[in-house]
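This briefing is intended to be read alongside the coordinates. Please keep the sequence and the three-dimensional view at hand.

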Amino acid sequence: AMALGIPTLASNVNGLAQVVEGGGILFEKGDILELHDIILKLEDSVYYKELSEKGIIKAQNYNINLMVDKLIELYKSILNC
């Protein structure tokens with residue numbers, strides 16, 4: 001969703017928080033009222049666009065070429081121990 005510029009909302013739990021933080025909006029797990037308020041705030045086109053752009057930038061951290069390069073670097077570092 002972030003890579004496509006769709007504002008991304010996620011529960012603030014391990015795993016999701018690390019991926020979404022800085023590129024989307026986190027809400028406390030089970031806090032329906034907070035989620036409701038966040039969704040309503042997205043009706044503001046300026047806020048929507050800002051969040052969309054942040055998501056696109058954050059999603060670039062998960063580009064397949066970048067991820068492969070990082071994995072190769074990790075394997076090399078392990079083999080050189």
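Predicted model: local features only at pLDDT ≥ 70, side-chain atom pairs only at ≥ 80, totals over all residues.

Residues are numbered from 1 along each chain as its sequence is written, and side-chain values use heavy atoms, with hydrogens and water left out. Helices (H or I, at least four residues) and strands (E, at least two) are DSSP runs, numbered from the N terminus.

**Helix 3**

- Helix 3 comprises the 15 residues 45-59; at 1.5 Å a residue they should span 21 Å, and the end C-alpha atoms are 21 Å apart, which agrees. The expected span of a helix is 1.5 Å times one less than its number of residues.
- The buried residues of helix 3 are Y47, L51, S52, G55, K58 and A59. They cover an arc of only 135 degrees around the axis, so they lie on the same side of helix 3; the arc is that of the directions from the helix axis to the C-beta atoms.
- Buried means under 20% relative accessible area, exposed over 50%, and partly exposed in between (1.4 Å probe, protein chains only).
- An α-helix has 3.6 residues a turn, so residues three or four places apart point the same way.
- Exposed residues S45, V46 and I57 are carried on the face of helix 3 turned away from its buried side.
- Helix 1 (16-20), strand 2 (25-27) and helix 2 (32-41) are the elements against which the buried residues of helix 3 pack. Contact here means heavy atoms within 4.5 Å.
- At the start of helix 3, the backbone nitrogen of V46 has a side-chain oxygen of D44 within 3.0 Å. A polar contact is a pair of N or O atoms within 3.5 Å; within protein, one must be able to donate a hydrogen and the other to accept it, and residues adjacent in sequence count only if both atoms are side-chain atoms.
- S52, in helix 3, counts as buried because its relative accessibility is 13%. Leaving aside neighbours within four places in sequence, S52 is in contact with G5 and P7.

**Helix 4**

- The 16 residues of helix 4 should span 22 Å at 1.5 Å a residue, and the end C-alpha atoms are 23 Å apart, which agrees.
- At the start of helix 4, a side-chain oxygen of N63 reaches to within 2.7 Å of the backbone nitrogen of N65.
- I72 lies in helix 4 (residues 64-79) and is partly exposed, at a relative accessible area of 40%.
- D69, also found in helix 4, counts as partly exposed at 44% relative accessibility. The C-alpha atoms of D69 and P7 are separated by 27 Å, and the two residues are 62 residues apart along the chain.

**The segment before strand 1**

- T8 lies in the segment before strand 1 (9-11) and is buried, with a relative accessible area of 14%.
- The side chain of T8 reaches the backbone nitrogen of M2 at 3.4 Å.
- Not counting residues up to four places away in sequence, T8 touches A1, M2, V20, G24 and I25.

**Ring interactions**

- The charged end of K41 sits over the ring of Y47, 4.4 Å from its centre; the criterion is NZ of Lys or CZ of Arg within 6 Å of the ring centre and within 35 degrees of the ring normal.
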